[in-house]
Amino acid sequence: MKKSTLINSELSYLVATLGHTDEITICDAGLPIPDEVQRIDLALTHGVPSFMETVKVMLSESQIEGVVIAQEFATVSPELHEALKVELLAESVRCGKEISISYVSHEEFKARTRQSRAVVRTGECTPYANVIFQAGVVF
């Protein structure tokens, strides 16, 4: 049995096969997921698993060098947006590498998800609770 935090086989495989700059989207329960992108659906019910629980586990397993966030997240759901920024800063300190944050409109964000290797759907029901992780390198 796997010893590290992440035990979901689909997510574990995804992280193990990421290359530099590959993208993964972690989204709320309502984000439309393009048909051509792999869907990893973790949602069980409203709020389970949460966006932040999923973000924390993914950060514990993968090296991230940048994120893309919809501008609307900061204005419509400022508390969860701030929690994400705090977690990204903590991860940056843990790994000793800066994590860049880019903002785009929600429409641009949805279009950008087409580039993702996979979209991970959570049970989060907070508006605009979505992030695109850009894979970095550990060296």
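A pocket, on a 1 Å grid over the protein atoms alone, is an open set of points where a 1.4 Å probe fits, with protein on both sides within 12 Å along at least five of seven lines; its lining residues have an atom within 4 Å of a point. I start there because rolling a probe the size of a water molecule over the atoms shows where empty space is left.

Two notes on the source. This is a predicted model, in which local features need pLDDT of at least 70 and side-chain atom pairs count only at pLDDT 80 or more, while totals for chains, interfaces and linings use all residues. Residues are numbered from 1 along each chain as its sequence is written, and side-chain values use heavy atoms, with hydrogens and water left out.

Now the pocket. The largest pocket holds about 160 Å³ of space, where a volume is the space filled by probe spheres set on the points, and the points are joined across faces, edges and corners. Its lining consists of Thr5, Leu6, Ile7, Asn8, Leu11, Leu42, Pro49, Glu53, Thr54, Val57 and Met58. By type, that lining has seven nonpolar residues, three polar and one charged. For this count, Ala, Val, Leu, Ile, Met, Phe, Trp, Tyr, Cys and Pro are nonpolar, Asp, Glu, Lys and Arg are charged, and the others, Gly among them, are polar.

Which element gives the most to the lining? That is helix 2, residues 51–61, with four residues. Helices (H or I, at least four residues) and strands (E, at least two) are DSSP runs, numbered from the N terminus.

Helix 2 also has a buried side. Buried means under 20% relative accessible area, with a 1.4 Å probe and protein chains only. The buried residues of helix 2 are Phe51, Met52, Thr54, Val55, Met58 and Leu59. They lie on the same side of helix 2, because they cover an arc of only 160° around the axis; the arc is that of the directions from the helix axis to the C-beta atoms.

Next, the core. A nonpolar core is a set of buried Ala, Val, Leu, Ile, Met, Phe, Trp, Tyr and Cys residues joined through side-chain atoms within 4.5 Å. The largest one has 28 residues, and those touching the most other members are Ile26, Phe51, Val55, Val67, Leu84, Val131 and Phe133. Among the elements giving two or more residues to this core are helix 1 (9–16), strand 3 (64–70) and helix 4 (78–95). Helix 2 gives the most to this core, with five residues. Apart from it there is another core, of 10 residues, including Leu31, Ala70, Phe109 and Ile132.

Let me take a few residues in turn. Contact here means heavy atoms within 4.5 Å, and the lists leave out residues up to four places away in sequence.

Phe51 sits in helix 2. Why is Phe51 called buried? Because its relative accessibility is 0%. Among its contacts are Ile26, Leu84, Ala129 and Val131. Phe51 and Gly123 are 72 residues apart in sequence, with 7.3 Å between their C-alpha atoms.

Phe133 is in strand 6 and is buried, at 1% relative accessibility. Its contacts include Ile26, Val55, Met58, Leu59 and Val67.

Thr113 lies in the loop between helix 5 (106–112) and strand 5. Thr113 is buried, with a relative accessible area of 1%, and touches Thr25, Leu31, Pro34, Val37, Val119 and Ile132.

Last, Val104, in strand 4 (residues 100–104), counts as buried at 15% relative accessibility. One of its contacts is Phe109.

Technical notes
Buried means under 20% relative accessible area, exposed over 50%, partly exposed in between (1.4 Å probe, protein chains only).
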